[in-house]
Amino acid sequence: MEFVYEPALQEYMRKKKKTAVVIEVVTSNCSDFEITELHVHLANEKQAEFFRQKKGFQSRRTPEGEVLLPPYRLDYEETVTFGLKTFLGFGMLTYRGVKL
């Protein structure tokens with residue numbers, strides 16, 4: 001499996017001092033129905049250590065940093081691409097190649 005970071009995301013990570021991309025599943029159960037979705041976000045070194053040590057995430061090193069994969073099964077394509085989308089000055093992580 002190959003991880004590709006778009007140039008805009010690489011620059012954003014350097015600027016924000018983020019070293020890891022975290023892929024996890026989040027479930028919301030605060031209404032009559034349950035919602036489960038994929039949550040992909042950035043983490044600094046301290047947060048990444050928490051995911052590795054306390055939550056059992058697997059680390060995959062990349063030239064840009066690392067990708068933290070959850071201990072449960074997700075579907076990955078051969079190439080997973082991470083990008084950055086900005087809206088009114090806020091950066092949002094985008095991804096392709098990961099499915100629930």
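**View 1. Aromatic pairs in the predicted model.** A search of the whole structure finds four aromatic pairs (rings of Phe, Tyr and Trp, the latter by its six-membered ring, with centres within 6.5 Å; planes under 30 degrees apart count as stacked, over 60 as edge-to-face and the rest as tilted). One of them is the tilted pair of Tyr5 and Phe82, with 5.8 Å centre to centre and 55° between the planes. This pair links distant parts of the chain, since Tyr5 belongs to strand 1 (residues 2-5) and Phe82 to strand 6 (residues 75-87), 77 residues apart. Helices (H or I, at least four residues) and strands (E, at least two) are DSSP runs, numbered from the N terminus. Tyr5 and Phe82 are both buried (buried means under 20% relative accessible area, exposed over 50%, partly exposed in between, with a 1.4 Å probe and protein chains only). Together with Phe3, Tyr5 and Phe82 form one aromatic cluster.

This is a predicted model: local features need pLDDT of at least 70, side-chain atom pairs count only at pLDDT 80 or more, and totals for chains, interfaces and linings use all residues. Residues are numbered from 1 along each chain as its sequence is written, and side-chain values use heavy atoms, with hydrogens and water left out.

**View 2. The pair Phe50 and Phe51.** Phe50 and Phe51 form an edge-to-face aromatic pair, 5.8 Å centre to centre with 80° between the planes. Phe50 has a relative accessible area of 42% and is therefore partly exposed. Phe51 counts as buried because its relative accessibility is 8%.

View 3. Four strands form an open sheet in the order 3-2-5-4, with mixed pairing (two strands pair if DSSP finds at least two bridges between them). Strand 3 (35-43) and strand 4 (58-62) stand at the edges with a single partner strand each, so one side of each has no neighbour in the sheet. Neighbouring strands of this sheet are turned by 25° against each other on average, direction ignored. Axes here are lines fitted to C-alpha atoms, for helices over the stretch in contact, and angles run from 0 to 180 degrees between N-to-C directions.

Strand 2 (residues 20-28) and strand 3 run antiparallel and are joined by nine bridges. Within strand 3, His39 stands opposite Glu24. Five bridges join strand 4 to strand 5, also an antiparallel pair. Strand 4 and strand 5 form a hairpin with two residues between them, and Gly65 in strand 5 is the bridge partner of Thr62.

**View 4. Helix 2 on the sheet.** What covers the buried residues of helix 2 includes strand 2, strand 3, strand 4 and strand 5 (contact means heavy atoms within 4.5 Å). In helix 2, Ala48, Phe51 and Arg52 are buried. These residues cover an arc of only 100° around the axis, which puts them on the same side of helix 2; the arc is that of the directions from the helix axis to the C-beta atoms. Lys46 and Gln53, on the other side of helix 2, are exposed.

**View 5. The surroundings of Tyr76.** Tyr76 lies in strand 6. Tyr76 counts as partly exposed because its relative accessibility is 25%. Not counting residues up to four places away in sequence, Tyr76 touches Met1, Ile23, Leu69, Pro70, Gly97 and Val98. The C-alpha atoms of Tyr76 and Gly97 are separated by 5.7 Å, although these residues are 21 residues apart along the chain.
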